Amino acid sequence: MREFVTKPKKLKLSLNGTAYEMRCPTMAENDDLEIKIKASPETSIQTYKEFFVSLGLPMEALNGMDLEDFLDFIGFVLNPKFKGPQQAP
C-alpha cells in the first residue's frame with residue numbers, strides 16, 4: 001500500500017544574527033493572500049507583513065529588513081523552489 005504523509009513545515013530566518021522561525025503557509029492561506037493583494041495592490045507591503053505575522057514571524061523582524069531583502073523573502077516563502085538571494089563568490 002502506498003501512503004502519502006505530510007508534516008507541518010517551518011521556515012527559519014536569520015536577520016542580523018537573530019534567528020526567527022515561522023510556519024509555512026497552507027494552500028488556503030496563500031489563496032487568501034493572492035485575493036487580498038489583487039483587491040488592494042496599493043497596500044500590498046502591509047498585506048504581506050500581516051500575512052507573515054500570522055505565520056509566526058514577529059513584526060520587528062519584518063521591519064528590520066531592507067526592501068530588497070523583504071522582496072526576496074516574499075519569493076522564498078511563496079515559491080518553495082526559490083533559493084534566496086545569490087551571494088557573490
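The lining of the largest pocket consists of nine nonpolar residues, two polar residues and no charged ones. The model is predicted, so local features need pLDDT of at least 70 and side-chain atom pairs count only at pLDDT 80 or more, whereas totals for chains, interfaces and linings use all residues. Residues are numbered from 1 along each chain as its sequence is written, and side-chain values use heavy atoms, with hydrogens and water left out.

**Largest pocket**
- The volume of the largest pocket is about 280 Å³.
- Of its 11 lining residues, Cys24, Pro25, Val77, Leu78 and Pro80 are the closest to the centre.
- A pocket is an open set of points on a 1 Å grid over the protein atoms alone, where a 1.4 Å probe fits, with protein on both sides within 12 Å along at least five of seven lines; lining residues have an atom within 4 Å of a point.
- H4 gives the largest share of this lining, three residues.

**Helix H2**
- Helices are DSSP runs of H or I with at least four residues, and strands are runs of E with at least two, numbered from the N terminus.
- In H2 (residues 44-54), the buried residues are Ser44, Thr47, Tyr48, Lys49, Phe51 and Phe52; buried means under 20% relative accessible area, exposed over 50%, and partly exposed in between, with a 1.4 Å probe and protein chains only.
- Gly56, which follows H2, has a positive phi near 110°.

**Asp66**
- Asp66 lies in the loop between H3 and H4.
- Asp66 is partly exposed, at a relative accessible area of 43%.
- Its side chain reaches the backbone nitrogen of Glu68 at 3.2 Å and that of Asp69 at 2.7 Å.

Definitions and conventions:
Points joined across faces, edges and corners; volume = space filled by probe spheres on them. Nonpolar A, V, L, I, M, F, W, Y, C, P; charged D, E, K, R; others polar. Polar contact = N/O pair within 3.5 Å; in protein donor to acceptor, adjacent residues only side chain to side chain.
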